[in-house]
Amino acid sequence: MSSHSQHSESDIALRVKAIESLLVEKGIIDPATIDMIIDAYEHRIGPHNGARIVARAWVDPNFKQRLLTDGTSTIAELGLAGFSSEHMIVVENTPEVHNLIVCTLCSCYPWAILGLPPTWYKSFAYRSRAVIDPRGVLREFGLEISNHVEVRVWDSNADLRYLVLPERPLGTETMTEAALTSLVTRNAMIGTAKVQVPTPPELVA
Amino acid sequence: MNGPHDLGGMHNLGAIPIEVNEPVFHSEWEAKVFAMSFATFKNYFPVDETRHACERMPPGQYLSSSYYERWLYALELLLNEHHLVTKEEIEEWLAQFAHSQTSSKAD
C-alpha cells in the first residue's frame with residue numbers, strides 16, 4: 001500500500017524497527033504478542049468467518065431472520081463476535097436492492113468477521129466516491145447494477161459496522177452449507193461483487 | 001473534527017486500486033505497525049484514540065501518506081503523549097544505528 005506514499009520504504013522500516021526495539025526494551029510490548037497478533041490476522045481471522053454467517057443464513061430461514069433483526073447477537077451465536085465487530089448490522093441484497101458498505105471517515109470494517117480490509121477499501125478513491133457515485137464505483141469492480149435496482153450505501157463508523165448478506169445464486173439448491181461457504185467472497189460481503197456459481201464441468205470447453 | 005479524513009463525496013481522488021490476491025500486509029513494517037498499535041491500544045490507550053490521532057495528521061501529510069504510514073504517525077504521537085517512547089529516544093536509536101553501520105563498514 002505504498003502507491004501514494006512519498007516516503008522511502010527503507011526509512012519507514014527502520015523507524016518502525018526503532019520503535020519496536022524501544023517498546024521491547026522498556027517491556028511495553030512482548031515480541032511473542034506481536035508475532036501472535038500478526039499470525040492471527042494473517043492466518044486465522046478473515047473472510048471465511050463472514051462466509052460461514054452468510055451460508056448459515058442461506059440454509060436456515062430462522063437464523064437469517066434473527067441475523068437481519070439483530071446482527072450482533074446472532075453473529076455471536078456462531079462465536080464470531082470480536083474486536084472491531086462489537087455492533088453489527090446485516091443488510092440483505094435482493095432482486096430490488098443492492099447494498100454497498102464504505103467508511104468515508106476512516107476504514108472502519110468488521111475485523112472479526114472479514115479480517116483486515118483490503119487496500120481498495122482503505123483508499124481515498126473508494127472512501128470518497130462510494131457515497132457520491134456508487135454505481136460508477138461498482139462498474140470499476142466489473143459490476144453493473146440495473147437502474148431498476150436501488151443501490152443503498154452504508155457508511156460505517158467507529159462503533160457500528162455492516163455486513164452484506166448477498167443473494168444466494170440460482171443453481172445452488174442442492175449444495176451443502178459447507179460447500180456454500182466456499183462460494184462466498186469478501187467483496188460479496190462488502191457489496192462490490194455478487195456471489196457466483198462455479199461453472200459446471202460440462203460447460204467448460 | 002472536520003479534517004482531511006472527511007472524504008465522503010470528494011471527486012478526483014483517482015481510480016480504485018483493486019489488487020487481485022492481495023496479501024494482508026504488504027511488508028514486514030506494515031505488519032509490525034499494526035501489531036504494535038493493536039498491542040498498545042489493548043493496554044495503554046483505546047483504539048478510538050488511535051483513530052483520532054490519525055485524524056490529527058496535518059492535511060497535506062494525511063493525503064500523501066499510505067494507510068499504515070498514518071497508523072505509524074498515530075502510534076508515534078500517542079507513544080509520545082503517553083510518555084511511553086519519546087521522539088528523542090527514537091532519533092537517538094536511529095543515530096546509534098547509523099553510527100553502528102558506519103563503524104562496521106570501517107572494520
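At roughly what angle do the axes of helix 3 and helix 4 of chain A cross? Select residues 47–59 for helix 3 and 61–69 for helix 4: their axes come within 5 Å and cross at roughly 125 degrees. Helices here are DSSP runs (H or I, at least four residues), numbered from the N terminus. Axes are lines fitted to C-alpha atoms over the stretch in contact, with angles running from 0 to 180 degrees between N-to-C directions.

This is a predicted model, in which local features need pLDDT of at least 70 and side-chain atom pairs count only at pLDDT 80 or more, while totals for chains, interfaces and linings use all residues. Residues are numbered from 1 along each chain as its sequence is written, and chains are lettered from A and ligands numbered from 1 in the order in which they are written.

Now show A:Ile53, A:Arg56 and A:Ala57 of helix 3 with A:Phe63, A:Lys64 and A:Leu67 of helix 4, which make the contact (C-beta atoms, placed from the backbone, within 7 Å).

Next, select the side of chain A that touches chain B. The contact takes 50 residues from chain A and 42 from chain B. Helix 1 of chain A gives the most to that side, with twelve residues.

Finish in chain B at B:Asn2, in the segment before helix 1 (28–43). B:Asn2 is exposed because 6 other C-beta atoms lie within 10 Å (exposed means 12 or fewer, buried 20 or more, partly exposed in between).

Notes:
Contact = placed C-beta atoms within 7 Å. Helix = DSSP H or I, 4+ residues; strand = E, 2+ residues; numbered from the N terminus.
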